[in-house]
Amino acid sequence: MTTSALSVDGLAAGYDNGPVLHGVSLYVAPGEVVAMLGPNGAGKSTTLRAISGLIRMTEGQVRLAGSDLAPLSPSARARAGIAHVPEDRGLFRGMTVAEHLRLGPRKEKLDADAAYEYFPALRAISGRMAGVLSGGEQQMLAMARALARKPSVLLLDELSLGLAPLVVERLLPVVRTYATEHKCAVLLVEQHVHLALGIADRAYLMASGVSSSSYDAHVLRNDMTLVQASYLGGPEWASEFEDESKLPFIGEEAQE
Ligand SMILES: Nc1ncnc2c1ncn2[C@@H]1O[C@H](COP(=O)(O)OP(=O)(O)O)[C@@H](O)[C@H]1O
Ligand SMILES: [Mg+2]
């Protein structure tokens, strides 16, 4: 078997007010798109932050192409090939599209042409400030900025936040194409379960800071009961329907 681009083993992490992750294990192979699904508060964003080094882990291991990332700062992890597009997109209102694609968050030089190749629509608006862009354009820019660093591992946190499903339907296939063409390992956190499983190879379910073993995306697509259980129950992945408001956007009809 080839070495995973990213592997996480028994990860525990949290914040000043207490632990959040109690045992997250996952891997992503080069060129693979892997979804992480689960309800609000499950610890998905926290997992991505621990991988990119924004928060410190208390137990476990995170490896990039087999090398332990623990000693590396967030900047060093970024230089090593990890790109993280956070929930808030991390853009600067007063900076233009072109400026965003010229210099990275840590002053690294970016390959704007590589980014425009995947998001040609950004070329026409390259002189505009990020603050005046639509939500969809901002998300394109956030992703383009990550791609412009030619990452080997791409962490995407809820691309769809605040976007119309139609926009999400256009953005996600770009992720798939990029992963395949650049052998990039993508870990995708996404509330639009159907859309995520539509482009993913595999998925992990997450609840209460614990990850499941992985499932083939087509298995979950054909049988949503497992996904539903993770949204409604605890780590045992099967529980009673306690809070229907936590249900994910599972079907087309639930997306309105
Ligand atoms: N910056 C933070 N400081 C303290 N607690 C946080 C912070 N971010 C998230 N948490 C807590 O960690 C838990 C997991 O949150 P998060 O990883 O954001 O979940 P998800 O992304 O799956 O919705 C929640 O209980 C949340 O309140
Ligand atoms: Mg989150």
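Predicted model: local features only at pLDDT ≥ 70, side-chain atom pairs only at ≥ 80, totals over all residues.

Me: What percentage of the residues in the protein chain is buried?

Reply: Of the 256 residues in the protein chain, 53% are buried. As for contacts between residues at least 6 apart in sequence, 70% of them join residues at least 24 apart.

Me: Which residues touch the most other members in the largest nonpolar core?

Reply: That core has 54 residues, and those touching the most other members are Leu37, Phe119, Leu122, Leu154, Leu156, Val186 and Leu188. Domain 1 (6-81 + 152-255) and domain 2 (92-150) each contribute at least three residues to this core. Apart from it there is another core, of 28 residues, which includes Ala5, Ile51, Ile55 and Val153.

Me: Let us stay with Leu154. What does it touch, leaving out residues up to four places away in sequence?

Reply: With those left out, Leu154 touches Ala83, Val85, Ala146, Leu147, Cys184, Ala185, Val186 and Leu187.

Me: Which residues line the largest cavity?

Reply: Its lining consists of Phe119, Met143, Leu147, Leu154, Leu156, Val174, Val175 and Tyr178. By class, the lining of the largest cavity has eight nonpolar residues, no polar and no charged.

Me: Where in the fold does the lining of the largest cavity come from?

Reply: Helix 6 (135-147), strand 7 (153-157) and helix 7 (165-182) each supply at least two of the lining residues. The largest share, three residues, comes from helix 7. By domain, at least three lining residues come from each of domain 1 (6-81 + 152-255) and domain 2 (92-150).

Me: And open space: what is the volume of the second largest pocket, and which residues line it?

Reply: The second largest pocket holds about 170 Å³ of space. The residues lining this pocket are Ala50, Gly53, Leu54, Ile55, Arg56, Met57, Ala70, Pro71, Leu72, Ser73, Pro74 and Arg77. Eight of them are nonpolar, two polar and two charged.

Me: Changing topic, which residues of helix 10 are buried, and what covers them?

Reply: In helix 10 (residues 225-232), the buried residues are Val227, Ala229, Ser230, Tyr231 and Leu232. Their cover includes strand 3 (33-37), helix 8 (193-199), strand 9 (202-207) and helix 9 (217-222).

Me: Finally, the backbone. What is the phi of Arg89, and where is Arg89 found?

Reply: Arg89 is not a glycine, yet its phi is positive, at about 75°. Arg89 lies in the loop between strand 6 (82-85) and helix 3 (97-102). For context, most residues other than glycine have a negative phi.

Me: Is Arg89 buried or exposed?

Reply: Arg89 has a relative accessible area of 13%, so it counts as buried, the cut-off being under 20%.

Me: What about Lys183: where is it found, and is it buried or exposed?

Reply: Lys183 is found in the loop between helix 7 and strand 8 (185-189), and its phi is also positive, near 50°. Lys183 is exposed because its relative accessible area is 53%, and exposed means over 50%.

Note on methods
Residues numbered from 1 in each chain as written. Chains lettered and ligands numbered in written order. Heavy atoms only, no water. Core = buried A, V, L, I, M, F, W, Y, C linked by side-chain atoms within 4.5 Å. Buried < 20%, exposed > 50% of the residue type's maximum accessible area, 1.4 Å probe, protein only. Domains from an automatic or database assignment. Contact = heavy atoms within 4.5 Å. 1 Å grid on protein atoms, 1.4 Å probe; cavity = no way out; pocket = protein on both sides within 12 Å on 5 of 7 lines; lining within 4 Å. Points joined across faces, edges and corners; volume = space filled by probe spheres on them. Nonpolar A, V, L, I, M, F, W, Y, C, P; charged D, E, K, R; others polar. Helix = DSSP H or I, 4+ residues; strand = E, 2+ residues; numbered from the N terminus.
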